[in-house]
Amino acid sequence: MNERILVVDDEPKIVKLARDYLERSGYAVLTAGDGRTALNIARSEKPDMVVLDLNLPELDGLDVCRTLRRESDVPIIMLTARIDETDRLIGLELGADDYITKPFSPRELVARVRAVLRRVRGGLVPTEFIQIGNLEIDLNGHRVSRAGETVQLTRIEFNLLAILAQHPGQTLSREQLLERLHGFSHDSYERSIDAHIKNLRRKLEPDPAEPIYILTVYGIGYKFNDEVFA
């Protein structure tokens, strides 16, 4: 049976555009124009994913996200026209899996849906050895090589790379990365993640100015690219 995607937006043109592209890609699509209807459909139809606008009538998208996450682990991609990164961060903290900023490319939406569903189905990479292109990561041996040559990383650099590589395609905020690295997070430490990412790119990327492995998600954090070699 085709995976079912619930698209929630109060703009009919956006709903139609998303539905058309998702259906062409083989997904079955349910739609809702407000938050309360979205919750009712999610509860009755049990979709495989929810694409959720933040600015909704009846019930705000953040409230819908909060309720859905209390009741299920259905993957959620947020749609937002808001420029304030606080809303995006709140959504991710509430349990959303990804976000797309309006206006968006419908092809990007399909790619994000596909990537999140693949990640949810597969969970963490179920291996102690990760190979993507010519990059090899030995999680047990704490060794990294590129094109057969060993890459010397500090302990923190290796751990940061391992966290990202075990969550391919998933955007992780600086706060989330700090929590996983050190067990705590503090605003004054979050920018240290940027310095470690810069060092990792210098050591791993063919061109650090045009990274292909570790991508920046502006306003949120970073993700390990699961598409470039797919």
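User: Which residues have the most contacts inside the largest nonpolar core?

Analyst: In general, nonpolar side chains in soluble globular proteins tend to be buried together. In this predicted model, the largest nonpolar core has 26 residues, and those with the most contacts inside it are Ile137, Val144, Leu161, Leu164, Leu177, Ile214 and Phe224.

User: Which elements give two or more residues to this core?

Analyst: The elements that do so are β6 (129-132), β7 (135-138), α6 (155-165), α7, α8 and β12 (221-224). Helix α6 gives the most, with seven residues.

User: What is leucine 161 in contact with, leaving aside its neighbours within four places in sequence?

Analyst: With those neighbours set aside, leucine 161 is in contact with Ile137, Val144, Leu153, Leu200, Leu204, Ile214 and Phe224. Apart from this core lies another, of 24 residues, which includes Ala38, Leu56, Leu62 and Ala96.

User: Let us turn to helix α2. Which residues of α2 (residues 35-45) are buried?

Analyst: An α-helix has 3.6 residues a turn, so residues three or four places apart point the same way. In α2, the buried residues are Gly35, Ala38, Leu39, Ile41 and Ala42. Because these buried residues fall within an arc of 165 degrees when seen down the axis of α2, they line one face of the helix. They pack against β1, β2 (28-32) and α3.

User: What is found at the N-terminal end of α2, and which residue follows the helix?

Analyst: Aspartate 34 caps the N-terminal end, with a side-chain oxygen 3.1 Å from the backbone nitrogen of arginine 36. The helix is followed by lysine 46, whose phi is positive, near 50 degrees.

User: Where is threonine 67 found, and is this residue buried or exposed?

Analyst: Threonine 67 is found in helix α3 (residues 61-71). Its relative accessibility is 11%, so it counts as buried. A polar atom of the threonine 67 side chain lies 2.9 Å from the backbone oxygen of aspartate 63. Not counting residues up to four places away in sequence, threonine 67 touches Leu39 and Arg43.

User: The charged side chains remain. How many salt bridges are counted?

Analyst: Side chains of opposite charge can pair when their charged atoms come close. Here the count comes to 13 salt bridges. One of them joins the side chains of aspartate 9 and lysine 102, at 2.8 Å from N to O. This pair links distant parts of the chain, 93 residues apart: aspartate 9 is in the loop between β1 (4-8) and α1 (12-24), and lysine 102 is in the loop between β5 (98-101) and α5 (106-122).

User: Are the two partners, aspartate 9 and lysine 102, buried or exposed?

Analyst: Aspartate 9 counts as buried because its relative accessibility is 2%. Lysine 102, at 14%, also counts as buried.

User: What salt bridge does aspartate 53 form?

Analyst: Aspartate 53 pairs with lysine 102, the closest N and O atoms being 3.2 Å apart. Aspartate 53 lies in strand β3 (residues 49-53), 49 residues from lysine 102. Both aspartate 53 and lysine 102 are buried.

User: Which residue forms a salt bridge with arginine 174?

Analyst: The partner is aspartate 194, with the closest N and O atoms 2.8 Å apart. Arginine 174 lies in helix α7 (residues 174-182) and aspartate 194 in helix α8 (residues 187-204), so the pair ties together parts that are 20 residues apart in sequence. Arginine 174 is buried, with a relative accessible area of 15%. Elsewhere, salt bridges that share partners join Asp9, Glu11, Asp53 and Lys102 into one network.

Terms used: Residues are numbered from 1 along each chain as its sequence is written. This is a predicted model: local features need pLDDT of at least 70, side-chain atom pairs count only at pLDDT 80 or more; totals for chains, interfaces and linings use all residues. Side-chain values use heavy atoms; hydrogens and water are left out. A salt bridge is a side-chain nitrogen of Lys or Arg within 4 Å of a carboxyl oxygen of Asp or Glu. Helices (H or I, at least four residues) and strands (E, at least two) are DSSP runs, numbered from the N terminus. Buried means under 20% relative accessible area, exposed over 50%, partly exposed in between (1.4 Å probe, protein chains only). A nonpolar core is a set of buried Ala, Val, Leu, Ile, Met, Phe, Trp, Tyr and Cys residues joined through side-chain atoms within 4.5 Å. Contact means heavy atoms within 4.5 Å. A polar contact is a pair of N or O atoms within 3.5 Å; within protein, one must be able to donate a hydrogen and the other to accept it, and residues adjacent in sequence count only if both atoms are side-chain atoms. The arc is that of the directions from the helix axis to the C-beta atoms.
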